[in-house]
Amino acid sequence: MNIVVAMKQIPDLQQVRIKNRRPILEDVPLTFGNIDRNALEAGVLIREQVGGSVTVVAAGKEGLEDTVKEALAVGADQAYLIIYDEREDMESSISAGLLAEAIKQLGSPDLVLFGEGSGDNYSSQVGSRVAELLDLPQVGYVERIEVAEGKVLVTRSLEDGQEVLEVTLPAVLTVVADLNQPRIPSVTQILKAGKKPRKVMSAQELLGAAPTPKVTTLSNLAPEIERKKIQVGSANELVQKLRAEGLLGRA
C-alpha cells in the first residue's frame, strides 16, 4: 500500500514565550505537531500490517530536512519536502496547494493521512482542502482504522458518539490523538534515518510560480488575563475571599 502522511513544521510549543500578548519565536526550534505524529504512527502500523511504503510530505522553512529526520527514524521510508521560507504567509490554502501538488508528483497514493489539526493554528482545514484538490473521498476525526482489500473501515469520534464508515481507496483521512501512541525512535534508527531518500524542492519550483496568499492574518494575540492581585494572610481569609467571588459554596 502506498501511504502518504502529511506533516507540518511548527515551533516547539513548549519553548514558546509570550510577551505583550505576542509569541516570541526567535531561537525556538521547529518540530512536527503531536497529532501529525499520530498520523505517521498510523501509516507505519498499516504498512507493517499489509506492506507497502510510507512517504512523509511536508512544507516548511529551511531546516525542514533536519526536522524530518525524526519522522524517517520512526519508520517513514522516504520524504518529499517543500521549502517555503515565507512561513508567516502559509495559511491553509497555500499549505493545501503545496501538499496536494507534491502528492500528485508522487503518483497515485492509496491512503493520505493528516492529523485533525496542526499544533499551531489548528484550523482543521488542510486535510479537507487537499482531498478536494485531489478529488478524493475524505473522513475526519478518525480514531480507528481497519484495512481491508481496497477499502478501509474507519471509526469517527463525534461529540455525542461514534460513526463507523467504509471507504473505498484511495482516500484521505484526518486522525485524532486517541488513535494511537506514537513510538519513540532509538538512537540506531535516528542514525539510519540520515540515509533514507528525500526529495527537496522550493515552493516556486513545485508550482512554477510563487504561491499567493489568499488570507491575511491581521492579529494573532494571546487572550488578555486580568489578575485581581488580592492578598490574603491565612487559609480562612482565602476561603472567605473565594466564597465572596462565588467560587466556593457556602459552608
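User: In which hand does H1 pass H2 in their crossing?
Analyst: This is a predicted model. In it, the crossing of H1 with H2 is right-handed.

User: What is the angle at which the axes of H1 and H2 cross?
Analyst: The axes cross at roughly 35° and come within 10 Å. Helix H1 covers residues 34-50, and helix H2 covers residues 64-74.

User: Which residues make that contact?
Analyst: H1 contributes Arg 37, Leu 40, Glu 41 and Val 44. From H2 come Glu 70, Ala 71 and Val 74.

User: And how many of them are nonpolar, polar or charged?
Analyst: The contact of H1 with H2 has four nonpolar and three charged residues, with no polar ones.

User: Turning to strands, do S9 and S10 pair in the parallel or antiparallel sense?
Analyst: Strand S9 (residues 151-158) and strand S10 (residues 161-168) are antiparallel, and eight bridges link the pair. A hairpin of two residues connects S9 to S10.

User: What stands opposite Ser 157 in S10?
Analyst: The residue opposite Ser 157 is Gln 162.

User: Now Glu 205: where is its place?
Analyst: Glu 205 belongs to helix H6, residues 203-207.

User: Is Glu 205 buried or exposed, and why?
Analyst: Glu 205 counts as exposed because its relative accessibility is 54%, and the cut-off for exposed is over 50%.

User: What does the side chain of Glu 205 reach?
Analyst: It reaches the backbone nitrogen of Ser 202, at 3.0 Å.

User: How far apart are the C-alpha atoms of Glu 205 and Leu 30?
Analyst: They are separated by 23 Å, and the two residues lie 175 residues apart along the chain.

Conventions: Residues are numbered from 1 along each chain as its sequence is written. This is a predicted model: local features need pLDDT of at least 70, side-chain atom pairs count only at pLDDT 80 or more; totals for chains, interfaces and linings use all residues. Side-chain values use heavy atoms; hydrogens and water are left out. Axes are lines fitted to C-alpha atoms, for helices over the stretch in contact, and angles run from 0 to 180 degrees between N-to-C directions. Helices (H or I, at least four residues) and strands (E, at least two) are DSSP runs, numbered from the N terminus. A crossing is left-handed if the near helix is turned anticlockwise from the far one by less than a right angle, and right-handed if clockwise. Contact means heavy atoms within 4.5 Å. Ala, Val, Leu, Ile, Met, Phe, Trp, Tyr, Cys and Pro count as nonpolar, Asp, Glu, Lys and Arg as charged, and the others, Gly among them, as polar. Two strands pair if DSSP finds at least two bridges between them. Buried means under 20% relative accessible area, exposed over 50%, partly exposed in between (1.4 Å probe, protein chains only). A polar contact is a pair of N or O atoms within 3.5 Å; within protein, one must be able to donate a hydrogen and the other to accept it, and residues adjacent in sequence count only if both atoms are side-chain atoms.
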